[in-house]
Amino acid sequence: MDDSNNGRAKVALVKCEDYDNHRVQQAVERGLLLLGGLSSVVRPGERILLKPNLLAPDPPEKCVTTHPAIFRAVAETLQRAGVVVSFGDSPAVGSTARAARRAGLAAVANELGVSWAEFGQGEEVVFADGLQNKRFVIAKGVLESDGIISLPKLKTHGLTTMTGSIKNQFGCIPGLLKGEFHVKLPEVDQFTRMLVDLNLFLKPRLYVMDGIMAMEGNGPRGGKPLQMGAVLLSTDPVALDATVCRLVNLPPEDVPLLRNAQQMGLGTYLLENIDLLGDQLDALRRSDFHKPHKASISIRNPWLRNHIVPKPAINPHRCIRCGICIEGCPVQPAVVDWYQEDKTKPPVYDYSRCIRCYCCQEMCPEAAIDLQVPLLGKVLAPLLR
Ligand code: SF4
Ligand code: SF4
């Protein structure tokens, strides 16, 4: 795909009001045409891995996962071009098979003959150019493919503010290994620079974002669905995610992931360097989009951290005492745990050890964990970046 327009990035923004298979197919095809066609992205006979967002075993209407209509449209388009298509992800909660079944992707894959890539096992790779991280364990199914097409979902995220094209590749790291990065790289800048290294290594060929129904608020699992009515396509994940930010009135330069991604050469978030093709951004903008709390700083001093950085807090009325937050905490022993092993009450936090990775909030199936901004954090919010 031709993105060599004097170093400028192209983002196709295509209006699509719902998940009708035919309309989604048309939107994807229009987006591909706007970018210059599929033929420069893939060649017949290549093995291309589709990487949807399968965060957890949730149904499509919860807007946690990439919608099956997007998956179907891209898979069918690739198959028509003679490409051998596989798919996979490593969910934060549960198995790939369960998440894919609940999300409706397994049925589409079985119908179309899209094979399941191996995401349970990984292989270590060395990325000598990595600035933050030079070694990754990558799912075998990713390494066995000739290339990746990423299918992110437009959602908020407690740690990275928004989850989109760049963050989506974190699922190429199998299972619990993902959690280790939170412990090893607890500061937002460290963690997001690692994500950029990962993307520079994997270099997906194309990103097709499901922004038809987005998730606002307490994402990436506990937020509310919101109609955005957009499919976005680009070969530049930074430009694509920056366009999403502009759609929800969030300055891209306020998002550490995008600042680091641009600095490290993954792409550009600068409006003057992006050719926005297709429909008008203003017509699709949702100024009422409920953005997450500003959680983009890390402070090592426990007292300051507790008084400035948003902290996860359990709503006892929504908590069903499932214990998933405890299992998901990457710190050992877990920062959130049953009080005196009493499973009849919600778990409790030891905030002095909490690294604010928000894995617990991300995994909670009941949206029972909110991120609360301490008073001092609210006062200092305008100064934090
Ligand atoms: S807070 Fe959420 S994840 Fe934790 S026990 Fe309650 S419902 Fe389960
Ligand atoms: S309690 Fe939650 S936010 Fe704190 S370290 Fe554990 S998973 Fe991360």
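**Overall fold and the setting of helix α6**

The protein has 14 helices and 16 strands. Helices (H or I, at least four residues) and strands (E, at least two) are DSSP runs, numbered from the N terminus. The model is predicted: local features need pLDDT of at least 70, side-chain atom pairs count only at pLDDT 80 or more, and totals for chains, interfaces and linings use all residues. Residues are numbered from 1 along each chain as its sequence is written, and side-chain values use heavy atoms, without hydrogens and water.

The C-alpha trace spans about 60 × 45 × 40 Å along its principal axes.

Of the 385 residues, 61% are buried, meaning under 20% relative accessible area (1.4 Å probe, protein chains only). Among contacts with a separation of 6 or more, 75% join residues 24 or more positions apart. Contact means heavy atoms within 4.5 Å.

Helix α6 covers residues 177–184, and its buried residues are Lys178, Gly179, Phe181 and His182. They lie on the same side of α6, because their arc around the axis is only 150 degrees. The arc is that of the directions from the helix axis to the C-beta atoms. Cover for these buried residues includes β6 (135–139), α7 (188–202) and α13 (359–363).

Notes. Chains lettered and ligands numbered in written order. Buried < 20%, exposed > 50% of the residue type's maximum accessible area, 1.4 Å probe, protein only.
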